[in-house]
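Student: I would like to go through the terms used for this model and ask what each rests on.
Tutor: Go ahead.

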Amino acid sequence: MPEFRKCKNFNFREFQFAQTMIFAINEINKNPHMLSNIKLGYKIYDNCGTMDILRAALTLLSGLNRQLREDTCTETVQAILGHSGSSPTIAFAQVVGRFQIPVISHFATCACLSNRKEYPTFFRTIPSDYYQSRALAKLVKHFGWSWVGALAVDNEYGFNGIAAFIQAAKEYGVCIEYSEAFSSSDPPNRLQRIIEIIKQSTSKVIMAFMSHREIKLLATELYTHSITGLQWIGSDAWITDHSLTDSEGHKILVGSLGFTSPKAKISGLEEYLKQLYPSQFPDSQFVREFWEEVFNCSLNRTVNTQKQPCSGHESLQNIESQFTDVSELRFTDNVYKSVYAVAHALDMLIKCDNDQLSFSNESCIDPKHIKPWQVLQYLNTVNFTTKKGERVYFNKNGDTPARYELVNLQFTIRGTMEGRTIGIFDASLPERNQFVMNNIPVVWGNGLTEVPVSVCSEMCLPGTHKVLQKGKPVCCYDCIPCPEGEISNVTDSIHCAKCPPEYWSNKQRDACIPKEVEFLAYDEILGLVLVLFSLLGVFLTMVTTLVFYCHRETPVVRANNSELSFLLLFSLTLCFLCSLTFIGRPTKLSCMLRHTAFGITFVLCISCVLGKTIVVLMAFRATLPGTNVMKWFGPLQQRLTVLVFTFIQVLICILWLTINPPFPFRNLLLYKDRIILECDTGTAVGFCAVLGYIGFLAISCFAIAFLARKLPDNFNEAKFITFSMLIFCAVWITFIPAYISSPGKFIVAVEIFAILASSFGLLFCIFIPKCYIILFRPEQNTKKHIMGKTSNYDIQY
């Protein structure tokens with residue numbers, strides 16, 4: 001048999017766990033209401049690694065060295081409490097699981113141990129790392145850290161814990177810059193490689209899923225390389241370990257955050273621990289080593305002659321030691337609950353409390369013949385409440401409810417580091433209520449007073465969206481401004497939202513504002529210019545009317561059909577005025593008025609011109625011998641002609657307004673950033689009919705005037721009418737492509753320009769020559785002159 005290895009250091013925490021187990025067993029044995037007439041016994045095995053753990057487990061299974069002193073003890077062990085580490089537990093739990101022996105751990109947190117197929121007899125009073133990993137990921141997300149490094153111990157505990165953390169971190173949108181693992185037994189070059197990775201990384205937050213041994217080595221090495229400014233996130237295996245202060249670089253770990261088991265109080269434990277003496281356990285090597293470590297003495301001078309001898313009667317009452325410190329009974333309380341869980345299972349088994357799990361219909365189990373698999377069955381149904389009111393039970397995977405305290409490593413007055421509770425996490429609560437922060441100041445890594453920042457890319461402000469950088473994690477991105485018409489009103493938006501049809505993005509691209517409504521208004525330069533030209537046309541028309549009225553008895557006015565001339569001047573006035581209806585905000589009334597008024601007034605105007613052209617032509621024909629045409633186109637017929645032509649247009653407009661009238665229309669398609677408020681024609685047929693009828697009259701008038709253009713000068717008003725109709729037709733022919741190609745409010749400007757141009761053409765071509773004769777050539781405004789010119793022309797002809 002190989003010799004047992006001796007441990008290098010004495011672990012005070014593990015010794016406190018062992019004494020707590022003894023305390024709980026003694027407490028249960030004194031309880032008359034639990035396991036009456038039955039006493040619990042125990043055996044504690046020392047270990048310095050996985051090999052010794054397996055040796056102890058095989059010893060329990062084989063029955064070697066049982067050293068049973070009482071005949072009342074069962075032949076086989078009923079349950080195994082421990083180990084504190086996940087890796088040793090994994091090593092022996094599978095072995096003892098084959099023999100249906102329950103294993104209850106107070107500190108083995110590896111999520112892999114929840115696999116009931118691999119570890120069918122494993123239970124624990126500490127939550128699985130699955131919940132801790134998710135809580136740590138939620139903690140990272142809570143403080144806005146999206147770019148973190150991950151380190152783990154090179155074993156199942158570290159690999160499973162960091163894998164669960166990385167998976168949960170991805171769900172919360174947190175990216176891992178690097179993920180590395182090492183062990184305290186690894187060669188130095190492996191740790192040096194990790195130091196170089198940390199030095200070159202840009203993340204300022206490191207998640208360390210490892211034990212106190214690895215974190216001490218890492219902190220010391222970082223301290224040696226003067227690498228500071230890091231925020232540490234720790235697993236429960238080291239975050240509250242009192243031995244961290246022993247490491248050289250422990251100051252680097254100040255400000256670390258991590259989840260751990262809640263604090264607890266065990267009544268009477270402190271007094272029990274302080275009353276410990278070697279004489280109580282004369283055969284215990286553990287107690288002897290503990291006593292020599294605490295008092296720095298030797299109970300047996302032959303063993304260590306370098307230390308002062310001690311009697312074993314020294315007192316722990318006034319000794320400050322990690323062993324007697326019960327201010328933070330976190331994992332120690334789990335040991336206490338583990339003992340009581342086994343006791344409750346045995347109690348139910350002996351009392352046959354659960355009929356469904358009774359193994360004999362006739363009688364209950366004989367305490368001397370209890371089998372481990374029977375205890376295992378009852379452990380699955382254990383459900384009790386501790387003295388402090390905490391409910392203890394196991395789920396189908398052997399796990400206990402996940403409750404944690406968030407601790408922050410801070411310096412104490414004594415110069416040591418202590419985990420101060422700053423929040424809680426309860427996985428049994430709804431998602432939004434699981435994590436709660438207390439109103440307690442937090443000490444951050446490297447002495448920072450504000451929350452450190454650890455992101456691959458700065459947050460994208462409202463008005464921008466994230467675009468991933470090629471070949472990098474999703475947390476590395478560029479902030480690109482939103483396109484026109486799209487906004488983002490939250491930070492770190494992954495896309496831009498389009499504004500509603502009647503809204504447009506502001507300059508900052510963080511809000512949708514109503515689009516600017518555009519129409520040809522009176523207060524803009526273009527509208528003002530058109531209004532001035534319209535009023536100028538009205539003014540010139542009125543001046544012409546006044547000139548004609550003052551000289552209405554003169555031959556020039558009388559010879560050119562003064563009645564139709566005045567009616568034409570009146571219609572031209574209406575044409576100039578109707579152009580004003582096209583300016584301003586379109587309304588239902590203005591849309592109907594502008595098109596119908598335009599159509600009717602222009603038909604009235606063209607009808608008058610057509611009547612004048614026919615009169616000129618008929619008057620010339622009447623002067624020929626043997627003709628009597630003028631009696632068929634006298635004043636009455638002229639009035640009726642104008643009336644009939646105009647009435648037809650009025651009828652077309654009435655039908656148009658009745659069937660589908662023009663209406664104001666918000667054009668959202670022409671421009672993206674503004675709305676064009678325009679008048680929709682309603683039905684294209686009505687609009688085309690109105691324009692077509694005007695065009696028909698204009699062409700007819702032009703044709704007749706063209707035929708009469710070579711009549712004698714006295715009567716040749718047709719020559720001027722031809723020019724006016726030529727201008728009129730040219731304007732409206734060019735109007736069509738200009739109307740189609742003009743955008744927005746310029747369509748209305750093109751319509752007004754066509755109206756004004758054609759109206760000015762008629763006014764200037766027909767009336768200006770006459771006004772010139774009336775005002776500046778009065779000698780030609782005589783009947784004799786007109787008649788004389790006619791005779792001369794006839795003779796020459």
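This is a predicted model: local features need pLDDT of at least 70, side-chain atom pairs count only at pLDDT 80 or more; totals for chains, interfaces and linings use all residues.

Student: Which residues line the largest cavity, and of what class are they?
Tutor: The lining has 13 residues, and R13, Q16, H242, E328 and T332 lie nearest the centre. By class there are 6 polar, 4 charged and 3 nonpolar residues. Both α1 (12-29) and α10 supply at least two residues of this lining.

Student: Why is the other space called a pocket?
Tutor: A pocket is an open set of points, whereas a probe in a cavity cannot get out, so the two terms exclude each other. The second largest pocket holds about 520 Å³ of space. Its lining consists of 24 residues, with S146, G173, C475, Y477 and D492 the closest to the centre. The classes here are 15 nonpolar, 5 charged and 4 polar. At least two lining residues come from each of α5 (156-171), β5 (175-182) and β16 (464-468).

Student: Why is helix α11 described as largely enclosed by the rest of the structure?
Tutor: Buried means under 20% relative accessible area. In α11 (residues 372-379), 6 of the 8 residues are buried, so the helix is largely enclosed. The buried residues are P372, Q374, V375, L376, Y378 and L379. They pack against β2 (103-105), β3 (122-124) and α10 (331-351).

Student: What makes β5 and β15 edge strands?
Tutor: The sheet is open, with 8 strands in the order β5-β4-β6-β7-β8-β13-β14-β15 and mixed pairing. β5 and β15 (435-437) each pair on one side only, and are its edge strands. Neighbouring strands are turned by 25 degrees on average, direction ignored.

Student: How do you know that β7 and β8 pair?
Tutor: Two strands pair if DSSP finds at least two bridges between them. β7 (residues 231-234) and β8 (residues 257-260) are joined by 2 bridges and run parallel. In one of the contacts between them, G234 has G258 in β8 as its bridge partner.

Student: Which helices lie on the sheet?
Tutor: Helix α7 (residues 212-224) packs on it, touching β4, β5, β6 and β7, with its direction at about 170 degrees to that of β7. Helix α5 lies across β4 (147-153), β5 and β6 (205-209), running at about 160 degrees to β4.

Key
Residues are numbered from 1 along each chain as its sequence is written. Side-chain values use heavy atoms; hydrogens and water are left out. On a 1 Å grid over the protein atoms alone, a cavity is a set of points where a 1.4 Å probe fits but cannot get out, and a pocket is an open set with protein on both sides within 12 Å along at least five of seven lines; lining residues have an atom within 4 Å of a point. Grid points are joined across faces, edges and corners, and a volume is the space filled by probe spheres set on the points. Helices (H or I, at least four residues) and strands (E, at least two) are DSSP runs, numbered from the N terminus. Ala, Val, Leu, Ile, Met, Phe, Trp, Tyr, Cys and Pro count as nonpolar, Asp, Glu, Lys and Arg as charged, and the others, Gly among them, as polar. Buried means under 20% relative accessible area, exposed over 50%, partly exposed in between (1.4 Å probe, protein chains only). Contact means heavy atoms within 4.5 Å. Axes are lines fitted to C-alpha atoms, for helices over the stretch in contact, and angles run from 0 to 180 degrees between N-to-C directions.
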